Amino acid sequence: MAAVNTHAESSSAIDKPRRKSMNGRVAAALVLLPPALVLFTLFVIYPLAGSGIYAFYDWNGYGTPTDFVGLQNFERMMGHAVFQQAVMNSLKVIAVSLLVQLPLALVLALMIYRRTPENTIFRLVFFLPYILAEIAAGLIWSFIMDGNFGVVADITRALGIDPYFITSDRSWAFTAVLVVIVWKYFGFHMMIYIAALQGVPKDMIEAARIEGASRLGVVRYVQIPMIKPAIVVSVFFSVIGALQVFDVVIPLTNGGPANSSHTIVTYLYTFGLARLKIGYGSAIGVVLFITAVLVAVFYQRLFMRKPA
Amino acid sequence: MTRSNLIREIFRIGLLCIVATFVLGPLLATVLGGFKSNAEVQTSALSLPQTWRLDIYADILSDPGFWRYLGNSLVISITTVALTLLVGAAAAYVFAQIRFLGSKMLFSYLSLGLMFPFATAILPLFVQVRDLGLLDTYWGVILPQTAFGLSLAILLFRTFFSELPKELFEAAYVEGCGYIRFFWQFTLPLSTPILATVGVFVFVQSWNNFLLPLVMLNSREAFTWPLGMMQYRGEFAVEWNRTLAFVTLTILPAVVFFIAAQKYIVAGLTGGAVKG
C-alpha cells in the first residue's frame, strides 16, 4: 500500500488501517496469549488454589476430599518436633548463607573482578559447582564424607582414629548439608558481585585513591556502597533459596539420622507426598507459600525500590 | 612491582588456589574414582589410580539404561525449552506490542509464579497430573515445568521486546504485515540474544530438575538421569567406584555445555536471577 500524503486523502488513509489494526490486534492477542494463560492456570494457579483447600482436609488423594478437619493439619505440623527442626535447619541455611557464603563470595569477587587471564580461569572454576545438578553435588559429597571411603576416611585413617560418619551423626549431619550448599552456591553470588564491581566507574576508584584512601578504604567506602543493589539481590536469593533446599539433602542424609536434617521441602515430601497425605502436605505447602510471599513482599518493600 | 605488591599478589593467588582446591577436589576425586577398583577408592580417595581401569566407564557406556535416562532428560529438556520460548514469547509479545484493557492485570497474574517456590503446590500438582492421566509420561514433567518457567520468561521477553525499535513495526505494518506475522518474522529473529539466554536457563533448570520427575515418574523407562543416578546408587550401594563413574558421565555433558555456552549461561543464570 503506497502512502499518499495529500491532505484530501490523509483522513481515510489513516482511518482504514486503524480499524484493520484493531481487528488484527484482537486476533493476535486471542491467538498468542491463551496458551500461556491456560498452561499457567492449569499447572500453577489451579494446584496452588488446591493447596489452600486440601490443607483443611484429611485426604489421601483419591476421590473428593470429604473429611474436613479445620486447622488440625496446621496444629499437628506446628506441634511436630521434626517440623520445628526442619524450620530451624532452614534458618541455619539462611544464617550460613549470610555469614559465610556471601562474605566469601564478596571477598573472592573483589580479588578477581578485574579482567585478567588468570582471573577468568578462577571465575570459571568457582562458578562450576553452580551448573552441576544439586543431586549430583549431594551424591559427590556423600562420597567425600563417607566414613569408609571418601576424603573423610583418608583423614581419619591418617590420624589413626575410628572411621567417622558425619552424615549419621545427629548433631553434625546438617552441617554436612551446609558445607555442600556453600560449595555449590558461593560462585553464583560471586558472579553477581563481579558483574556489579565491573560496573563501578574506574575514575571513582582512582579519585578515592588520589584523595589518599587505602585499598580497604576504597572497598569499604566506594565499591561496597556502589554494588549495594547486587548485594540486596543476592541476599534475597539466599533467603528464597534456603526455603527450597531439597535435592542436596536427599543423597546426603535423606533427612536422617532420626529425622534431624530435614528442610521444609524434604519434610513436605517425606511426611506429605511419600505417605500420600495430600491434606497434610498441602498444609505444609501453604505455610511455605505464605512464608515465601511474605519474604518477597517485605524484602522488596524494604530494600528494592521497584514493584514486585 | 614493589615488594609489598608482590607479597600481596602471592597471598592473593595462594588464597584463590586454596578455594579452587576446595571446589575442584571433590570433582577430581569423583572423576578419578571411576578409574579405580573399589578397594583402591576405599584406601585413597584423592590419589591417582595405580592402574587406570576403563571397564567401569565402558560398562556404563554400553548399558542401554544409561542412554535411556539421558535420552529421556534430553527430550524433556528440549521440549520444555521449545515450549517455554514459544508460549512465553507469544504472550510477552502481546504485552509489549498490544495495548488492551486488562493487559496489566493479566501480566501481573502471569508474574505470580515469581513469588513462590514450585514445591509449595507439588501435592495438588501431583493430583492434577494424575487426574489428567499424565503420570509417568514426559508431558507430566514438561507441562508443569513450562508453566512454572513462564513467569520469568515473559518478564524478560517483554522487557526485551519493548526495547525493539517501534519504527520497525510501523514500517512493516504499512507494508501490510500483520501482528502475528511480524512476531514470527521480525520479533523472534531479532531477539536471539534473549531467547538464547532464557533458553539456556530453562534448559539447565530442566536438565537438573529432581523433585518434579521424582514425583511424576514411576517407571524406569521414563526416568530422567537424576532419577536413574539415584537408582544406580541404590543398586551398587557399596561399589562407590561405579557410582562415581556414573556421576562423572552424567555431569560431563553439563561441563562441556558450560564451557561451550559460557557467555549465555553466566548471563542467563546471573542475569535471569537478578531480574527475577
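Author: Touching, or being in contact, is used when the C-beta atoms of two residues, placed from the backbone, lie within 7 Å. The model is predicted, and local features need pLDDT of at least 70, side-chain atom pairs count only at pLDDT 80 or more, while totals for chains, interfaces and linings use all residues. Residues are numbered from 1 along each chain as its sequence is written, and chains are lettered from A and ligands numbered from 1 in the order in which they are written.

Reader: What separates the C-alpha atoms of A:Ser238 and A:Ile94, in Å and along the chain?

Author: Their C-alpha atoms are separated by 6.5 Å, although A:Ser238 and A:Ile94 are 144 residues apart along the chain. A:Ser238 itself belongs to helix α11 (residues 228-242) of chain A, where a helix is a DSSP run of H or I with at least four residues, a strand is a run of E with at least two, and both are numbered from the N terminus.

Reader: Why is A:Ser238 called buried?

Author: A residue is buried if 20 or more other C-beta atoms lie within 10 Å of its own, exposed if 12 or fewer, and partly exposed in between, with the C-beta atoms placed from the backbone. A:Ser238 has 22 other C-beta atoms within 10 Å, so it is called buried.

Reader: Why can α6(A) be described as largely enclosed by the rest of the structure?

Author: In α6(A), 11 of the 11 residues are buried, so the helix is largely enclosed by the rest of the structure. Among these buried residues are A:Glu134, A:Gly138, A:Trp141 and A:Ile144. Helix α12 (residues 225-235) of chain B also has buried residues, including B:Trp225, B:Leu227 and B:Tyr232. The buried residues of α12(B) pack against α6 (134-144) of chain A, as well as against α4 (64-97), α11 (211-216) and α13 (240-260) of chain B.

Reader: How many helices and strands does chain A have, and why is this chain said to be more spread out than a compact globule?

Author: Chain A has 14 helices and 0 strands. Its radius of gyration is 27 Å, well over the 19 Å that the globule rule gives for 308 residues, so chain A is more spread out than a compact globule. That radius is taken over C-alpha atoms, and the globule rule is 2.2 Å times the number of residues to the power 0.38. The C-alpha atoms of chain A fill a box of roughly 100 × 75 × 35 Å along the principal axes, and buried residues make up 43% of the chain.

Reader: Which domains does the assignment give for chain A?

Author: Chain A has domain 1 (16-54) and domain 2 (80-303), with bounds that come from an automatic or database domain assignment. The centres of these two domains, taken over C-alpha atoms, are separated by 37 Å. In chain B the assignment gives domain 1 (3-56) and domain 2 (64-275), and 34 Å separate their centres.

Reader: What makes the crossing of α5(A) and α1(B) left-handed?

Author: The axes of α5(A) and α1(B) come within 9 Å and cross at roughly 35°. Axes are lines fitted to C-alpha atoms, for helices over the stretch in contact, and angles run from 0 to 180 degrees between N-to-C directions. A crossing is left-handed if the near helix is turned anticlockwise from the far one by less than a right angle, and right-handed if clockwise; the crossing of α5(A) and α1(B) is left-handed.

Reader: Which classes do the residues of the contact of α5(A) with α1(B) divide into?

Author: Residues meeting there include A:Phe122 and A:Val125 in α5(A) and B:Leu16 and B:Ala20 in α1(B). The contact divides into 10 nonpolar, no polar and no charged residues. Ala, Val, Leu, Ile, Met, Phe, Trp, Tyr, Cys and Pro count as nonpolar, Asp, Glu, Lys and Arg as charged, and the others, Gly among them, as polar.

Reader: How many residues of chain B are in contact with chain A?

Author: There are 73 residues of chain B in contact with 74 residues of chain A. The largest share of the chain B side, 9 residues, comes from α1(B), and by class that side has 57 nonpolar, 14 polar and 2 charged residues.
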